[in-house]
Every structure is written in C-alpha cells, then in structure tokens.
Amino acid sequence: MIWGNIVFDNKAERAATEDYVLGDTGVTVEKGMRVIIPIYTMHYDSDFFQDPETFNPERFMDGYEPKHPQYAYLPFGAGPRNCLGMRFALLEIKMCITNILRHYRIKPLPTTKVPLEYKKTVFFLTVTEMPLKFEKRTDVK
C-alpha cells in the first residue's frame, strides 16, 4: 500500500474484525476495514510533543509528566502484538534474577530499615535505599 511517499507492508496494517466506534469521536471503523496507525507521524506531532524534532531525553526521565495521551508514544507498539524484544528482555531479567538467587542468599544488613521507606515523588514504587548482603551459597553447584 502506498500513501503519499510512504510505503506500508502488510505488517503495518490491520483489518477490523468487528465494527468499532472510536470513543466519542463519532468515527466508526467498520468490519473488514484496513487500519494503519501512523506511529512516525504521531511521534513527531507538535500537538503531542513540544518541539518534536529536537532530541530531548528529559522527556522520558523520572518525575517528568508526559503531556501527551497514553498511546501517542508507541516505540514498542501496544497490545498483543507489541515488541517481541520487550518480552524477550523480561524473560532475560527473570533468568538473571533466578541465577542470582540460585547462587546467593540475600540477607538484610543491620542498617536495612524495616519497614522500607518509599520515595513519594516517582510514579513507580521505589525504595529510598535497601542495603543487602549477598552470601555465596555453598550448597549449590
């Protein structure tokens, strides 16, 4: 499919499996209609991102409040067909943690605060500090 000077392969478009009304826009996507989500265009839309042509990594730092709708930024896609690499990375993290737990016992230090203190300024639940001791396990080969 060619749209302007952009060529889309079959992987970039989806076909609606049933009629769907887009929120309160009054737009109906009819069953069988092909839909293309222009991710590049959304990422460079000045309605969503201030000065979109400028490299500004602070947009994605802790404490930064996005000024765009939830799905305006889709670097890895969304839903069941999102980035395969993201799922692979999560699997790798689980394997690394399992390997650490297999070879080490993790114990609190005398300076470890119980209950833990959490940062109140970030979106994700994060502790202020968590001093731990890693003891090599001798009962595992």
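Okay, let's start with contacts, meaning heavy atoms within 4.5 Å. Among those in the protein chain between residues at least 6 apart in sequence, 37% join residues at least 24 apart.

Keep in mind that this is a predicted model, where local features need pLDDT of at least 70, side-chain atom pairs count only at pLDDT 80 or more, and totals for chains, interfaces and linings use all residues. Residues are numbered from 1 along each chain as its sequence is written, and side-chain values use heavy atoms, with hydrogens and water left out.

On confidence: pLDDT is the predictor's confidence in each residue, from 0 to 100. The protein chain has a mean of 80, with 86% of its residues at 70 or more. Residues 1-10 stay under 50, and the model has 9 contacts beyond four places in sequence for them.

Now the fold. We've got 2 helices and 8 strands, taken as DSSP runs numbered from the N terminus (helices H or I, at least four residues; strands E, at least two). Along the sequence that reads β-β-β-β-β-β-α-α-β-β.

What about the surface? The accessible area is about 12,500 Å², 60% of it on carbon and sulfur atoms; that's Shrake-Rupley with a 1.4 Å probe. Buried residues are 11% of the 141 in the chain, where buried means under 20% relative accessible area, exposed over 50%, partly exposed in between (1.4 Å probe, protein chains only).

Last, Cys83. An unreviewed UniProt entry annotates Cys83 as "binding site", though such annotations may be inferred rather than shown by experiment. Cys83 sits in the loop between helix H1 (39-43) and helix H2 (84-103). Its relative accessibility is 24%, so Cys83 counts as partly exposed.
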